[in-house]
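This report walks through one protein chain, beginning with a single residue and moving out to the whole. Please keep the structure in view while reading.

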Amino acid sequence: MTATRRVPDALPAAAYADRLVAALADAGVGDIVVCPGSRSQSIALAAARLAREGALHLHVRIDERSGAFLALGLARETRRPVAIVVTSGTALANLHPAMLEAHHSDVPLIAITADRPTELHGIRANQTTRQAGIFGDAARVVLDVGADALREPEEDAVSAVRAALGWRDREHTEPGPVQLNIAFREPLSGGEPTQHRRVERVERPPMPSATLLPAPRTVVIAGADAGAAAVDVAEALAAPLLAEPTSGARFGRLLVPHGRDVVSQLADEVRRVVVLGHPTLSRSVTGLIRRPDVEVVVLGRAGQDNVRGTGVTRVLAGRIEVEPAEPDDADRAWVERWLHAGRALADARDAEAAPDSELTRADYARAELAEGRTPITRRELVSQVWDRTWPHDRLVVAASRLIRELDLVAGPKAVRAHANRGLAGIDGTVSTASGIAVAHERESAGGITRLLIGDLALLHEAGGLHVPPGEERPRLQIVVGNDNGGSLFELLEVAGSADPGDFARVQRTPHDVDLEHLAAAYGWPFGRVVDRAGLRRALSQPRPGIIEAVLEGGADAQGL
């Protein structure tokens with residue numbers, strides 16, 4: 001008779017982790033990103049087990065910075081809290097860029113940081129630092145669970161999810177990042193899984209509403225992440241709508257084509273602007289907001305920093321409800337003046353791009369041949385990407401010169417476009433797009449996610465291209481506008497005042513990286529295009545991979 005070996009009950013760290021992760025899933029965390037580490041092993045193993053059981057989606061990344069931005073992208077697309085799990089020491093410092101972006105963009109991100117117990121602090125123990133509160137103001141709430149307090153994991157999970165979704169005691173704010181710092185003593189894992197107490201799913205707190213009255217000479221400005229609410233507000237106010245391409249509001253009958261250029265023509269007539277989202281792309285638009293004689297009404301962030309003018313500024317929290325009023329002849333004339341100016345600019349630019357209708361077949365053939373020899377400009381690149389992106393797709397745009405070009409030319413289209421415009425950094429753009437692509441493919445019936453990115457932004461996060469074996473590969477098409485360096489700085493005053501050699505070295509920062517070899521190292525299909533016809537053919541095939549579009553002047557700079 002053989003004795004049956006009894007598997008011991010879960011040890012304290014493992015028991016806490018099992019109950020915590022299960023409660024997070026109950027509360028509505030559908031995705032957890034895990035980075036390897038020792039102190040965090042119990043949480044990682046609990047997440048792996050629940051993923052096998054189908055309770056949540058698990059994503060594993062080697063680098064914490066890339067993992068955090070992957071979580072950010074997942075949260076952006078799903079609009080639900082996503083957790084990133086890391087070990088102690090420098091590991092959590094790598095989360096800081098994503099936590100900052102999440103804070104300034106109101107993205108619900110939960111940083112679960114494994115810590116050392118109190119007795120190991122202050123004695124120079126390995127991989128030990130002061131972790132709770134390390135993200136400063138970027139973490140809306142810090143929950144610090146000591147090794148002697150591993151008693152109520154379900155409460156800790158619900159508190160983290162509520163804070164990430166914007167619950168604050170009996171009040172509410174916008175969603176944002178939260179730190180859940182947990183100290184574990186050894187042994188760090190082991191034993192039978194522990195059952196948890198079921199908890200209810202946590203939803204967003206109800207948002208208050210504020211009433212806004214129509215007023216003469218009003219325009220509505222939709223910045224990044226404004227959403228379709230900006231279209232509704234413009235319709236209700238009967239006001240012209242100026243919308244950035246990543247606002248989610250670049251459509252509707254009151255959208256002003258080429259709005260940033262029209263502002264330059266008609267700004268002096270404006271008396272009130274209503275701002276939704278975070279406008280950052282146009283100096284003419286931000287200059288209008290900052291004019292002291294213009295009243296600024298902002299759909300703001302409760303308890304956070306907000307767009308403000310230099311004159312009268314009103315910040316409204318929650319959502320805007322417009323007091324109904326029938327527009328009079330002056331209101332209609334005001335809107336029509338903006339729309340007419342925008343349409344005139346659009347017609348002029350369309351005429352420049354369109355072939356003459358009187359061309360013969362031979363002329364068309366010659367034009368097609370010429371297109372195959374025409375270098376790709378930034379404007380051509382962004383125009384083609386925008387034109388081939390549809391409402392069932394997703395578009396992610398890096399913080400680079402390309403997003404400013406897109407703002408100039410993107411026509412009306414109800415495309416859900418994303419960009420990390422909270423702090424407008426290039427950190428983690430590839431991983432953000434990967435998270436958006438994974439979530440989009442899971443929740444949609446089709447479409448592809450495209451990332452429009454410059455060469456420096458791609459190189460800055462080359463590690464984001466790495467998808468470990470067995471992990472879900474994003475359905476992501478990365479379109480790289482390669483002009484061999486940071487050409488955005490050429491638009492700034494420094495380009496005309498600095499020594500040309502010094503400017504090239506420390507601002508433009510050219511490189512000699514072969515993107516084809518980079519793609520091969522990480523297992524991505526690759527194609528290089530050098531002319532307009534080649535770009536059109538490449539974008540007509542919406543499949544995952546990297547398309548390097550060598551921009552005008554870029555080929556000579558790289559010796560291609």
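## A buried serine and its surroundings

Ser66 has a relative accessible area of 5%, and because anything under 20% counts as buried, this residue is classed as buried. The model is a predicted one, and every value in this report was computed from it. Ser66 belongs to helix H3, which covers residues 64-78. When neighbours within four places in sequence are set aside, Ser66 is in contact with Ser431, Glu461, Gly463 and Gly464.

## The chain as a whole

How many helices and strands does the protein chain contain? The secondary structure amounts to 20 helices and 21 strands. The radius of gyration is 26 Å, close to the 24 Å that the globule rule gives for 560 residues, so the protein chain is as compact as a globular protein of that length. Taken along the principal axes, the box filled by the C-alpha atoms is roughly 95 × 60 × 50 Å.

Of the 560 residues in the protein chain, 51% count as buried. The accessible surface comes to about 24,700 Å², and carbon and sulfur atoms provide 51% of that surface. Among the contacts in the protein chain with a separation of 6 or more, 74% are made by residues 24 or more positions apart. As for charge, the protein chain carries 64 positive and 75 negative side chains, and the centres of these two sets lie 2 Å apart.

## Nonpolar cores and an enclosed helix

In soluble globular proteins, nonpolar side chains tend to be buried together. The largest nonpolar core here has 44 residues, and those with the most contacts inside it are Val220, Leu241, Val273, Val274, Leu288 and Trp338. One of these, Val274, touches Leu212, Thr218, Val219, Val220, Ile221, Val233, Leu237, Val297 and Ile320, once residues up to four places away in sequence are left out. Another core, of 40 residues, lies apart from the largest one and includes Ala114, Ala160, Val178 and Val199.

Helix H13 spans residues 401-409, and eight of its nine residues are buried, so this helix is largely enclosed by the rest of the structure. The buried residues of H13 are Arg401, Leu402, Ile403, Glu405, Leu406, Asp407, Leu408 and Val409.

## Two further buried residues

Thr449 is found in strand E18, which covers residues 449-454, and it is buried, with a relative accessible area of 0%. Leaving aside neighbours within four places in sequence, Thr449 is in contact with Arg394, Val396, Ala433, Ile436, Ala437, His440, Arg475, Leu476 and Gln477. Thr449 and Thr389 are 60 residues apart in sequence, and their C-alpha atoms are 8.8 Å apart in space.

Ser40 lies in the loop between strand E1 (31-34) and helix H2 (41-52), and with a relative accessible area of 1% this serine is also buried.

| Pair | Separation in sequence | C-alpha to C-alpha distance |
|---|---|---|
| Thr449 and Thr389 | 60 residues | 8.8 Å |
| Ser40 and Phe251 | 211 residues | 46 Å |
| Glu336 and Leu45 | 291 residues | 61 Å |

Glu336, named in the table, has its place in helix H10 (residues 329-353), and with a relative accessible area of 37% it is partly exposed.

## Backbone details

Most residues other than glycine have a negative phi, and most peptide bonds are trans. Which residues are joined by a cis peptide bond? Glu186 and Pro187 are joined in this way, with omega at about 0°, and Pro187 is found in the loop between strand E8 (178-183) and strand E9 (209-212).

Gln127 is not a glycine, yet it has a positive phi of about 60°; its place is in the loop between strand E4 (109-115) and strand E5 (141-145), and at 34% relative accessibility it counts as partly exposed. Asp225, which is not a glycine either, has a positive phi of about 65°. Asp225 sits in the loop between strand E10 (218-222) and helix H7 (229-237), and at 37% relative accessibility Asp225 counts as partly exposed.

Methods
Residues numbered from 1 in each chain as written. Predicted model: local features only at pLDDT ≥ 70, side-chain atom pairs only at ≥ 80, totals over all residues. Heavy atoms only, no water. Helix = DSSP H or I, 4+ residues; strand = E, 2+ residues; numbered from the N terminus. Rg over C-alpha atoms; globule rule 2.2 N^0.38 Å. Buried < 20%, exposed > 50% of the residue type's maximum accessible area, 1.4 Å probe, protein only. Contact = heavy atoms within 4.5 Å. Areas by Shrake-Rupley, 256 points an atom, 1.4 Å probe, with all protein chains shown as cover. Lys, Arg positive; Asp, Glu negative; His and termini not counted. Charge placed at Lys NZ, Arg CZ, Asp CG, Glu CD. Core = buried A, V, L, I, M, F, W, Y, C linked by side-chain atoms within 4.5 Å.
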